[in-house]
Amino acid sequence: MTSYAVARLDEIEELTDGREPFRPVRHHFGISSFGVNAWTARDVGDRIINEHDESEPDSHEELYLVVCGRAVFELDGDRVAAPAGTLVFAPPGVKRTAFAEEPETTVLALGGTPGKAYEPDGWELWAPLNPLYESGEYAEAADRGRQLVEAHPQYAGLFYNLACCESLASRTSDALNHLGLAIDRSERFRSYAKDDSDFDPIRDEPAFRELIER
C-alpha cells in the first residue's frame, strides 16, 4: 500500500477568495500537522502574498520560500529582495506582503501557531465563498457552505463560517446547530463566537448563550 504522495504545483487546482489565487497544498495532501500553500504571480508587479499581520490570538508564524522567479517582500515597512531560493520568516505581528518582480514567481508559505498543535480548519475550501460573504449574500454563501460541510465534515472552520452566514441570513436554528458542531470539533470556536458580530442576530437566543457559556 502506497504511503506517500507526489504532485507538481501546477497539478493542484488554484482557488481564490477574490484577491490572490493560491494552490491549497495542505488540503491536497491531507496534511494535518502544519499549514502550507503556494501562490504564483502571473505578471511583474502582481501581489503574491495578501497583506496581513497575523496579530489575532492564535495567529501563525510563517516561513516563505521563493520557489522560482523573484519577489520583493514588504515587512513592517522594509523592502526585502527575494530571488529564487530565498527564505523569509515572519513571526506574528509583523505586517507582510510580497510582489512579483518576474513573471510566474511562485512562493510557498508554511505556517503554524507558536507553542500549539496545528488545527486545520478548512479555510482554504471556504475562501471562494468569501466574496459572497463580503457582498452580503449570506443566504447563497450558506447554501454553498452547507455543501462544503457535507463533503468535508472534519473541518471545524467550515461549520463555524457556515453558522456565521446562517445567523446573518436569519436561519437561527441552522446557525445554532452548526455552531455547536464547530465547537464540538474545536473548543477555540467557543471563544471566537463570544465576540463575533456575525452572531449578533442570535446572541439573545438561550441556546446561543448556552453554547458559549458551557
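Predicted model: local features only at pLDDT ≥ 70, side-chain atom pairs only at ≥ 80, totals over all residues.
**Figure 1. Overview of the protein chain.** The secondary structure of the chain comprises eight helices and nine strands. Its radius of gyration is 19 Å, close to the 17 Å that the globule rule gives for 214 residues, so the chain is as compact as a globular protein of that length. Along the principal axes, the C-alpha atoms fill a box of roughly 55 × 50 × 35 Å. Of the 214 residues, 43% count as buried. Among contacts with a separation of 6 or more, 62% come from residues 24 or more positions apart.

**Figure 2. The open sheet E3-E8-E5-E6.** Four strands are arranged in this order, and their pairing is antiparallel. Strand E3 (47–52) and strand E6 (78–83) stand at the edges; each has a single partner strand, so one side of each is left without a neighbour in the sheet. With direction ignored, neighbouring strands of this sheet are turned by 20 degrees against each other on average. Strand E3 pairs with strand E8 (residues 96–100) in the antiparallel sense over three bridges. Within this pairing, His52 has Arg96 of E8 as its bridge partner.

**Figure 3. The salt bridge between Arg96 and Glu62.** The side chains of Arg96 and Glu62 meet in a salt bridge with an N to O distance of 2.7 Å. The pair links distant parts of the chain, since Arg96 belongs to strand E8 and Glu62 to strand E4 (residues 61–68), 34 residues apart. Arg96 has a relative accessible area of 0% and is therefore buried. Glu62 likewise counts as buried because its relative accessibility is 12%, under the 20% limit.

**Figure 4. Salt bridges around Glu14.** The side chain of Glu14 meets that of Arg23 in a salt bridge of 3.8 Å, N to O. At 26% relative accessibility, Glu14 counts as partly exposed, whereas Arg23, at 12%, counts as buried. Glu14 also forms a salt bridge with Arg42, in which the closest N and O atoms are 2.8 Å apart. Arg42 lies in the loop between strand E2 (35–41) and E3, and Glu14 in the segment before strand E1 (22–23), so this pair ties together parts that are 28 residues apart in sequence. Arg42 counts as partly exposed because its relative accessibility is 33%.

Figure 5. Helix H5 covers residues 156–168, and its 13 residues should span 18 Å at 1.5 Å a residue; the end C-alpha atoms are 19 Å apart, which agrees. The helix is mostly covered, with eleven of its 13 residues buried. Among the buried residues are Leu158, Phe159, Tyr160 and Leu162, together with Cys164, Cys165 and Glu166. The cover over the buried residues of H5 includes helix H2 (123–126), helix H3 (130–134) and helix H4 (138–151), as well as helix H6 (172–185) and helix H7 (188–194). After H5 comes Ser170, which has a positive phi near 65 degrees.

Conventions. Residues numbered from 1 in each chain as written. Heavy atoms only, no water. Helix = DSSP H or I, 4+ residues; strand = E, 2+ residues; numbered from the N terminus. Expected span 1.5 Å × (residues − 1). Buried < 20%, exposed > 50% of the residue type's maximum accessible area, 1.4 Å probe, protein only. Contact = heavy atoms within 4.5 Å. Pairing = 2+ DSSP bridges. Axes fitted to C-alpha atoms, helices over the stretch in contact; angles between N-to-C directions. Salt bridge = Lys/Arg side-chain N within 4 Å of Asp/Glu carboxyl O. Rg over C-alpha atoms; globule rule 2.2 N^0.38 Å.
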